[in-house]
Amino acid sequence: MLHLQGLSKTYKTGDTALSDVSLTVPKGQIMGLIGPSGAGKSTLIRCINRLVEPTSGKVLLGDTDLVRLGKGDLRRQRRRIGMIFQEYALVERLTVMENVLSGRLGYVPFWRSFLRRYPPSDIERAYRLLDRVGLMEHADKRADALSGGQRQRVGIARALAQEPELLLVDEPTASLDPKTSRQIMRLLTEICSENNLPAIVNIHDVPLAQQFMQRIVGLRAGRVVFDGPPDQLTEAALTEIYGAEDWNAMRAGDREQAAAEAEAQARMEAIV
Ligand SMILES: Nc1ncnc2c1ncn2[C@@H]1O[C@H](COP(=O)(O)OP(=O)(O)OP(=O)(O)O)[C@@H](O)[C@H]1O
């Protein structure tokens, strides 16, 4: 369970990216974070694992306030948070298996990780995870030989190898095509529910968020302006989050994309 209490961040430049954000994400809940560019979504995710230092407020993971920890304790506590990134952040020249095992780095002594000698239980877990994300037969391939969707599956398996208590997911589908995006979102939601894991997903794609998230939080100018289930994300709520102009532009963009996809489909059908 994650509790944010009065979380605020003002950068040295004077930009206030978060203002008094309070949220609770219970176990097993997958929460989508939406909002226009500059709303503070990345800052929120980064304040939770303290890649960005909050100016004030609390980040409670269970009973531990991560904001108050010194360096050593923070390093240990960060193991409890799995990160999944837009650009996958894999080590391209290592194998799929080695990438997944790197999720255990926070747990094994330095000499073992340096020699890449992981305990058998870690290797067993990694195989189980590769099987779960559908990549068993790719275990020995180099990461750079995989497709985008497969790489993101490795990213998910690596985060799970950490045995996290929370997943932070930053734009997981931004580099993927629509079909692969849906497959990845489905996998993420299944994994959260199977493992009773809470997750925060920073997601630009509103329809995708509506389809897969149990709860959506809308940020605007660093404040929470919407917090509810996807079916309450009405046009009025979206206008509140994005502003009338941006929201209409986004809708127009979606309509254009849908029209282009329909046209391409019709052309394909005419050919075959
Ligand atoms: N390192 C930084 N130094 C100064 N200001 C920053 C820094 N990072 C972000 N900001 C500012 O904080 C605000 C929130 O930025 P943030 O990147 O968190 O928004 P976002 O919602 O993730 O945007 P996007 O969807 O474009 O990634 C913006 O005004 C941004 O300019």
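A: Let's start with helix H6, residues 148-161, which has 14 residues and spans 20 Å from its first C-alpha to its last. That is close to the 20 Å expected at 1.5 Å a residue (1.5 Å times one less than the number of residues). Helices here are DSSP runs of H or I with at least four residues, strands are runs of E with at least two, and both are numbered from the N terminus.

Please keep in mind that this is a predicted model, in which local features need pLDDT of at least 70 and side-chain atom pairs count only at pLDDT 80 or more, while totals for chains, interfaces and linings use all residues. Residue numbers begin at 1 along each chain as its sequence is written.

H6 is largely enclosed by the rest of the structure, because 11 of its 14 residues are buried (20 or more other C-beta atoms within 10 Å of a residue's own, with C-beta atoms placed from the backbone; 12 or fewer is exposed, in between partly exposed). Among these buried residues are Arg151, Val154, Gly155, Ile156 and Leu160. The buried residues of H6 pack against strands S6 (81-84) and S7 (166-170), and against helices H3 (96-101), H5 (120-132) and H7 (178-195) (contact is C-beta atoms, placed from the backbone, within 7 Å). Just past the end of H6, Glu163 adopts a positive phi of about 50°.

Now for the sheet. In this open sheet, 4 strands are ordered S2-S1-S4-S5 with antiparallel pairing (at least two DSSP bridges make a pair). At the edges, S2 (16-25) and S5 (64-65) each pair on one side only. Strand S1 (residues 2-10) is joined to S2 by 6 bridges, including His3 with Thr24 and Thr10 with Thr16. Helix H1 (residues 41-48) packs on this sheet, touching S1, S2 and S4 (56-61), and its direction makes about 60° with that of S2 (axes are fitted to C-alpha atoms, for helices over the stretch in contact, and angles run from 0 to 180 degrees between N-to-C directions). S1 is also joined to S4, by 5 bridges; one of them links Leu2 to Leu61. In the hairpin of S1 and S2, 5 residues lie between the strands, and Gly14 has a positive phi near 95°.

Finally, the ligand. Its surroundings include Tyr11, Thr13, Asp15, Lys41 and Thr43 (each C-beta atom, placed from the backbone, within 6 Å). H1 supplies the largest share of this shell, 3 residues. By type, the shell holds 3 nonpolar, 7 polar and 2 charged residues (Ala, Val, Leu, Ile, Met, Phe, Trp, Tyr, Cys and Pro are nonpolar, Asp, Glu, Lys and Arg charged, the others, Gly among them, polar).

Key. Contact = placed C-beta atoms within 7 Å.
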